[in-house]
Amino acid sequence: MFATSENASSQGEVLSQARFFSRRLEEFLAPFLSLLDRLLDRRLVSTFSGLCQALVRHRNRPSGLLLSELGGVLL
């Protein structure tokens, strides 16, 4: 199972896994983002990338991520 702040042996372990999943998300989105970059303005592609990161980082099944909060997270 993956470490969380509750069951991690150290804060460094949590940060290491956060970096790992951040890189995995970038690798997963890279082909799609390169296609979007050819079709759309770079600022829109950057915003979309930030949106995906925010959704993954701040997902919370019980309360959900409100649309109004999402704008604040993107900024």
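Phe 32 sits at 39% relative accessibility and so counts as partly exposed, a label that covers everything between buried (under 20% relative accessible area) and exposed (over 50%), taken with a 1.4 Å probe and protein chains only. For the record, rings of Phe, Tyr and Trp (its six-membered ring) pair if their centres lie within 6.5 Å, and planes under 30 degrees apart are stacked, over 60 edge-to-face, the rest tilted. Phe 32 belongs to helix α1 (residues 11-39) and Phe 48 to helix α2, so this pair ties together parts 16 residues apart in sequence.

This is a predicted model, so local features were kept at pLDDT of at least 70 and side-chain atom pairs at 80 or more, while totals for chains, interfaces and linings use all residues. Residues are numbered from 1 along each chain as its sequence is written, and side-chain values use heavy atoms, with hydrogens and water left out.

The structure holds two aromatic pairs.

As for the overall layout, the protein chain has three helices and zero strands, running α-α-α from the N terminus. Helices here are DSSP runs (H or I, at least four residues), strands likewise (E, at least two), numbered from the N terminus. Of the 75 residues, 15% count as buried. The chain exposes about 6,300 Å², with carbon and sulfur atoms supplying 59% of that; the areas come from the Shrake-Rupley method with a 1.4 Å probe. Among contacts (heavy atoms within 4.5 Å) between residues at least 6 apart in sequence, 19% join residues at least 24 apart.

Helix α2 (residues 42-57) spans 22 Å from first C-alpha to last over its 16 residues, close to the expected 22 Å, which is 1.5 Å times one less than the number of residues. Its buried residues are Val 45, Ser 49, Cys 52 and Ala 54. Leaving aside residues up to four places away in sequence, Cys 52 touches Leu 25 and Leu 29.

On the charged side, there are two salt bridges, each a side-chain nitrogen of Lys or Arg within 4 Å of a carboxyl oxygen of Asp or Glu. One joins Asp 37 and Arg 42 at 3.1 Å, N to O; Asp 37 is partly exposed at 29%, whereas Arg 42 is exposed at 59%. The other joins Arg 43 and Asp 41 at 2.8 Å, N to O. Here Arg 43 is exposed, with a relative accessible area of 63%, and Asp 41 is partly exposed at 36%.
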